[in-house]
Amino acid sequence: MKIKTIIAAVATTTAMLTIAGAANAGILDDVKKKGFLQCGVNTGLTGFSAPNDKGKWEGFDVDFCRAMSAAIFGSPDKVKYTPLTSKERFTALQSGEIDVLARNTTWTFTRDVNLGLEFIGSNYTDGQGFMVRKNLGVKSAKELDGASVCIQTGTTTELNLADFFRSNSMKFKSVVFEKADEIRAAYDAGRCDVYTTDRSGLAAQRSLLKKPDDHVVLPEVVSKEPLGPVVRHGQSEWGDVARWTLFALIVSEELGVTSANADQMKSSKNPEVLRLLGVEGKMGEQLGVRQGWAYQIVKTVGNYGEVYERHVGVNTPLKLERGINQQWSKGGLLYAPPFR
Amino acid sequence: MADISFVRTESHPDLPPPKSETGILAWLRQNLFSGWLNTLLTLSAIYLLYKILPPFLDWAIFSADLSGKTYEDCTSGGACWAMIRVRFDQFMYGFYPEAERWRVNLGFLLLFGTGIPLLIEGVPGKKYLAIFVFLLFPPIAFVLFYGGLGLPVVDTAQWGGLMLTMVLATVTIIVSLPLGIVFALGRRSNMPIVRMVCICFIELWRGVPLITVLFMGSVMLPLFLPPGTNFDKILRTLIVMAFFAAAYMAEVVRGGLQAIPKGQFEAAQAMGLSYWKLMGLIVLPQALKIVIPGIVNTFIGLFKDTTLVLVIGLFDFLSIIQAATTHKNWLGTSTEGYVFAACIYFIFCFGMSRYRITLERRLDTGHRN
């Protein structure tokens, strides 16, 4: 009898806790209540997320968190960062330790459907590429039959590489390393002909070679890596805030609104600009955040192009061209639905 | 007839040893060129040093850059120590707020100020020092580092760098030694349940790699807890590492317990000593003395194992250096970072090792054959 009572009590408590967790209606309300956004970022990836000399987090992914904070609180600094390794990231999101994950995470079917996650879009589209020495005279990755390839162990890079060579019936010899620094040193010392990883990574590593100009990144892109921020499944309102933060970043670049001219643009003639900046319409209210949320994003963080140039663009050590991460109107993949 | 016999009354002063037995030359001959094999080894070692040392010194000292704000300012081709200089505070304190760093300094000053005299022979009042270090210091350190009692709270997410490494190492070391002794005694106990529990605990923790245990603590545990409970990540890590170290410590101590001759136990029992007196007065003092090398070895291993927390996204000394070298301003300075980390870890581990030697000499009561 007594034991039964205890079991029943435990079961009820557990059930109540679970329900409380599920009925825990809006992350947005929770975030507003606690006064900061808990954002999961990479523990250190050049240009995307790394602590600066003052210990503040900086980077392309970090700026997404800052933009969300600007939309919700009107200030980009109300973010607490949780640096996560690739193995921890999904658990941290599922267990509610973080509110949003902005950690160069590839959007795939399994992750979106099976893991109970919701990708809100892609803020950076990467793809695996190849780098070779210029004096090899190779113009295309299809000429790489029999080459020795330096790769990082245990990544999808390894699988993509094998797939690419098999589908082109070519052979390769892999030279495997644990860390990007080791691969670069080995490639620079001539231990392998080809260095393969995501093209953003290739650009970063190329700038560190002894003679960067002696090396060339081949045109082939052998994988699709749409990297994007992630939220939990079943949190549509919260997902909307994250998704439209990303769209606001993209659209403001498309409409020519920058952090410098955001104030002047408030008197623009374009109705979409006026809606975006919160001069007209009630978009902030509908989204559940303050009016003029997108204005705050652009004013304090900048538009997509500004963020890109600040952290990974041609004037940074990564020297990444916009490539496919360009507005659709200029032949890129960035396409945001209209603000109306 | 004159007495011509001569009897020397004082001894002849000692002659200096032959030239070939003293001075640098003799030392060289005895130690470096005593046979063809040693000569060969010496020569190849000199050749290796000749090959390695000048470029290393050139890189590390002669053409190194000390000042600069980014990697691009390091133009002389050698090591870019500017990175260490700019980031030094971050390597020491992690993301601990600048205004509150005095608390960390004060905490470690207190620990070293009272802990080091405790380790030196002949310092008076050790009893009070020990009470302070083991009973009063932990709560004081908690308040200082974390906050409370009027001090602003510094979230453990902001702890990092050498400070975090020290916290992890100190807490694990202080907790694991007594816990390990308890488990070692339990494993040799005559009571079956106690013995089984101890054996299970030890074998379970010893049979799993530390990295797995850390993952369990940081990745799996949050999934089992009800949603919304936020169990501090550093606390989880501390518990896991202390248990892990205690299991190893128990086996080290058990080795010492088994080395004590049975006669000692029997003699103590014949004197009418209770179990705790027998252990506390006769067996453990001898057993622990024997296993000092093993204990210090475990401590050193533990200190270095704290670097594994980088796989669960904690910024200990090593991982904060790694993070610094991924920032776009310092891309390409990873060698400098690793060399710096190696120096600091070496200083700590070598220090522990030297202290072990002093301790062994002091406690040596002559059981050696």
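## Chain B at a glance

Chain B has 14 helices and zero strands (helices are DSSP runs of H or I, at least four residues long, and strands are runs of E, at least two, numbered from the N terminus). Read from the N terminus, its elements go α-α-α-α-α-α-α-α-α-α-α-α-α-α. Its radius of gyration, taken over C-alpha atoms, is 28 Å, well over the 21 Å from the globule rule for 369 residues, so chain B is more spread out than a compact globule. That rule is 2.2 Å times the number of residues to the power 0.38.

## About the model

This is a predicted model, where local features need pLDDT of at least 70 and side-chain atom pairs count only at pLDDT 80 or more, while totals for chains, interfaces and linings use all residues. Residues are numbered from 1 along each chain as its sequence is written, with chains lettered from A and ligands numbered from 1 in the order in which they are written.

The C-alpha trace of chain B spans about 120 × 75 × 40 Å along its principal axes. Of its 369 residues, 28% count as buried, meaning 20 or more other C-beta atoms lie within 10 Å of a residue's own, with C-beta atoms placed from the backbone.

## The largest nonpolar core

The largest nonpolar core holds 159 residues (buried Ala, Val, Leu, Ile, Met, Phe, Trp, Tyr and Cys joined through C-beta atoms within 7 Å). Among the members touching the most others are A:C65 and A:V100. Helix α9 of chain B (residues 233-259) gives the most, with 13 residues.

Note on methods:
A residue is buried if 20 or more other C-beta atoms lie within 10 Å of its own, exposed if 12 or fewer, and partly exposed in between; C-beta atoms are placed from the backbone.
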